[in-house]
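Here is a short briefing for a reader new to this structure. Please look over the sequence and the model before reading on.

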Amino acid sequence: MKTYKLLIVLLLSCFGAADVFCQEPLDFDYYSPKEYEVGGITITGADHLDHVAVIQLAGIAVGDKISIPGDQVAAAIDELWKQEIFDDVKVVVEKVVGKTIFLRYDLVSKPRLATYRFTGLSRSEEDKVKEKMKIGMGDVVTENLKRNSTNAIKGFLIGRGFYDVSVAIDESKDTTTTRNDVNLVFNVNKGAKIKIKDIIIRGNEVSDSIHQDANFFKRIFTRLSGKSPMSDGYVRSKMKETKRYHWWRFWKSSRFVETDFQKDKTTIIDKYNNKGYRDAKIVSDTMYQVTVPKYWVGFWNKMWFVKQKTKQRLVVELQVHEGQKYYFRNITWVGNTKYSAEDLSKRLRIKSGEPYNREELSKNMDYDPTGTDITSLYMDDGYLWFRVTPVEVNIVGDSIDIEMRMFEGKQAKIRNVGLEGNTLTNDYVVMRELRTMPGDMFSRDAIIRSVREIQQLNYFDAEKINPNVVPDPDNGTVDITYQVNEKSSSEFNVSGGWGESIGFMFSGGVSLTNFAARKFFKKDAWKPFPAGDGQRLGFQISTNGKYYSAFNISFTEPWLGGKKPTALSVGLFYSYQNDGYWNTSGKESYHLGVYGASVSLGKRLKVPDDYFTFVQGISVLQYDNSNYPGIVEIPAGRYNNLNYNFTFARNSVDQPIYPRLGSEFSIAGQFTFPYSLVNGKDYDALRKAGDIQSIYKWIEYYKIHLRASWFFNIAGDLVLHTKARFGFLGQYNNKVGYSPFERFYVGGDGLKNMGGIDGREIVALRGYDGGALSPTTGATVFDKFTMEMRYPITLNPTASIYVLSFFEAGNSWADFKSFAPFDMYRSAGVGIRLFMPMFGLLGLDWGYGFDKIKGVVSGSKFIVSIGQAID
């Protein structure tokens with residue numbers, strides 16, 4: 001029998017898969033393999049690798065029995081090649097002692113990455129590409145690494161409109177080390193940016209039949225708009241991310257992004273499905289480049305010229321198969337025991353003959369934000385395991401019969417309610433706000449409402465509040481854990497400014513919204529202040545050091561006694577203003593000081609529903625007036641204001657920082673005692689005698705304020721906010737007249753500053769100067785309407801930013817007789833809001849007043865707001 005050297009034998013056994021060598025000539029019988037025990041394995045090369053791990057990967061261990069020739073060595077070599085970290089793999093038989101064989105793996109590692117850089121990219125592009133490539137120093141440089149890196153570069157640039165990207169990689173040995181390291185240079189040729197020229201829709205024949213069925217005026221309107229149902233324009237409008245290039249659409253790019261394109265195709269089919277075309281599908285799509293002319297018009301050497309260039313554009317074509325339009329026919333119910341089929345059909349709100357609409361069916365069946373869906377009917381009554389599945393049981397022509405197969409299950413009770421992530425706020429502060437308590441029947445609506453109440457506290461990131469519901473079917477209970485992410489809600493503010501009329505003005509203060517008064521005397525609690533009990537403490541001081549100073553301090557306990565949500569609020573305030581800034585004689589010619597205190601109690605109501613609150617209180621103020629020019633016809637003296645006030649309000653907005661849904665309504669009243677009706681004074685005689693101080697020593701009035709505000713989630717995070725306000729200052733006695741204090745001044749920013757020292761209420765109307773839309777002595781009635789469109793840039797809890805555009809109108813009048821509610825001053829503009837937990841709300845608005853004041857158009861005005869909302 002012929003024998004061969006080990007080299008030849010092993011090469012044949014491996015079928016050429018790797019290099020195998022023999023240290024010395026040894027004879028083996030190819031047709032009669034012999035079994036050996038592995039006595040030892042050594043490795044040369046690959047010094048940076050763990051040799052023990054390499055041996056384990058190969059699959060042959062010391063003590064194993066292997067056949068020579070045999071498959072074990074070939075398999076070991078294959079395993080090492082699969083790691084894609086070696087450029088060369090050799091197995092060498094070092095020696096054979098009896099039935100024991102000693103092997104050596106000679107390995108050459110692939111090079112490792114020392115550095116890499118780019119050519120053809122900007123610095124910002126390089127940073128973003130690096131994030132997508134995810135490679136770093138020490139990585140094994142394989143063909144796969146190069147391929148993935150190239151794809152990452154191309155994918156990023158294609159997403160930015162560069163479709164002719166090419167990438168060439170230069171690899172060079174790193175001469176700064178003796179290791180097998182290399183440097184890579186990615187040479188990127190981006191090519192020209194290509195925008196979408198057109199999106200062509202083929203096969204959308206629905207619009208033609210709709211036009212034929214519509215009345216004359218509807219056909220004309222839809223033809224002119226170009227957006228009739230399923231017309232080219234309508235389909236393109238539903239592609240939210242893939243848009244044709246138009247020079248005027250500056251807010252949206254026209255680049256082609258594959259992932260966005262796939263989402264847009266899904267949206268198109270969803271729209272078809274919602275109009276009854278359940279079989280609609282996109283048969284094919286294609287993209288191709290076209291060359292279009294670009295013209296430049298210029299003037300040179302006393303001559304006009306036109307220069308033509310060409311540029312590449314992208315055309316996207318979609319072939320749509322619409323299919324037949326279907327309608328709902330019979331909807332039957334199976335498995336329902338709690339509610340009748342008639343009651344369920346009424347709640348489903350889908351009638352026989354309506355177009356087949358999957359989205360409407362799903363919304364009315366599973367989740368409607370208004371809580372009127374079938375699932376809410378059951379889940380709000382404890383049926384946690386309730387399920388309903390619509391099944392198409394029969395299709396006759398264009399009509400579909402649906403069978404609603406229900407599993408009601410049993411009712412579940414809440415066993416445990418917990419809280420996670422509240423590192424600062426005490427558990428009881430959150431738990432007392434919840435609508436889900438141990439022992440209660442499970443309710444999905446109660447969980448949604450609990451999340452809303454947690455958001456309203458404003459102690460946690462509103463976007464990351466997560467109710468974790470863990471059911472236990474065996475005993476019919478459920479555990480609920482509210483996972484929160486604590487944020488800072490307290491505000492510290494320091495600001496300063498200078499104006500020609502007031503000089504330098506300093507303002508500073510603190511608003512602690514999660515204060516803990518019981519920890520006030522505990523040194524360890526001042527980090528930086530005692531917190532966690534949900535109390536509110538505020539302090540603010542303003543001064544220019546010469547003629548104006550003010551301070552106020554307030555405290556609120558939201559749960560007086562700790563058992564019921566009855567809020568106690570107390571406050572003290574003081575302000576003083578004189579002519580020290582203008583008067584150089586050293587002796588003031590006028591001043592006005594205001595001293596006051598307030599106390600109020602607030603209560604949450606359960607009727608008409610538990611979104612209502614009622615707050616009532618008493619305020620006492622004293623005005624120390626010495627010829628203050630801001631209050632006309634009021635002589636020097638002290639004037640007192642003791643009033644009862646209340647606010648009846650309903651607030652259902654979903655969160656405080658960036659509301660998307662809900663509304664706010666309030667009616668507020670402020671009433672003094674009608675002294676003139678009971679004191680018997682002859683006010684005509686007092687006025688003739690010029691004794692004005694006796695008339696107003698105890699100020700009397702009543703004041704009514706109405707507010708209404710709605711938030712509508714238009715699409716995504718786009719929110720429409722509409723507001724309306726009305727205020728009226730009334731009098732008890734015509735002989736006394738309207739109070740010279742507490743009047744309305746419309747125009748400007750509406751911020752609470754020193755302009756309100758006489759109790760005046762400043763109502764913002766952007767685009768006009770402060771108070772410009774009111775009589776000099778103030779108004780007794782006003783109205784105002786606002787519409788804002790808002791969109792967030794970021795809702796990060798450390799800094800929430802959103803932009804807005806607005807249109808508003810309003811006016812004010814000296815008395816109710818002259819009240820003309822639709823005779824208003826109009827303005828429009830844009831703005832930006834920045835909310836930072838430590839500084840509160842910062843805003844910058846630009847408004848343009850369209851109407852004339854004293855024959856002059858108000859025009860452009862900028863408004864800066866710090867720590868206060870423009871209302």
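Val-96 stands opposite Ile-101, a residue of β7. The model is a predicted one.

*Pairing around β7*

- β6 and β7 form a hairpin with two residues between the strands. In this hairpin Gly-98 takes a positive phi near 65°.
- Strand β4 (residues 34–44) also pairs with β7, here in the parallel sense and over seven bridges. Ile-41 stands opposite Leu-103 in β7.
- Strands of a sheet can pair in either sense, parallel or antiparallel, through backbone hydrogen bonds.
- β7 itself spans residues 100–109 and is mostly covered. Seven of its 10 residues are buried.

*The open sheet of three strands*

- The strand order is β8-β10-β9, and the pairing is mixed.
- β8 (112–119) and β9 (166–173) are the edge strands. Each of them pairs on one side only.
- On average, neighbouring strands of this sheet are turned by 20° against each other, direction ignored.
- β8 and β10 (residues 181–189) run parallel and are joined by seven bridges. Thr-119 stands opposite Asn-187 in β10.

*Helices on that sheet*

- Helix α4 (residues 123–133) packs on the sheet and touches β8 and β10. The direction of α4 makes about 145° with that of β8.
- Helix α5 (residues 143–159) packs on the sheet as well, touching β8, β9 and β10. The direction of α5 makes about 145° with that of β9.

*Helix α11*

- Which residues of α11 (residues 358–365) are buried? They are Leu-361, Asn-364 and Met-365.
- Seen down the axis of α11, these buried residues fall within an arc of 95°, so they line one face of the helix.
- An α-helix has 3.6 residues a turn, so residues three or four places apart point the same way.
- Asn-357 caps the N-terminal end of α11. One of its side-chain oxygens lies 3.0 Å from the backbone nitrogen of Glu-359.

Key. Residues are numbered from 1 along each chain as its sequence is written. This is a predicted model: local features need pLDDT of at least 70, side-chain atom pairs count only at pLDDT 80 or more; totals for chains, interfaces and linings use all residues. Side-chain values use heavy atoms; hydrogens and water are left out. Two strands pair if DSSP finds at least two bridges between them. Helices (H or I, at least four residues) and strands (E, at least two) are DSSP runs, numbered from the N terminus. Axes are lines fitted to C-alpha atoms, for helices over the stretch in contact, and angles run from 0 to 180 degrees between N-to-C directions. Contact means heavy atoms within 4.5 Å. Buried means under 20% relative accessible area, exposed over 50%, partly exposed in between (1.4 Å probe, protein chains only). The arc is that of the directions from the helix axis to the C-beta atoms. A polar contact is a pair of N or O atoms within 3.5 Å; within protein, one must be able to donate a hydrogen and the other to accept it, and residues adjacent in sequence count only if both atoms are side-chain atoms.
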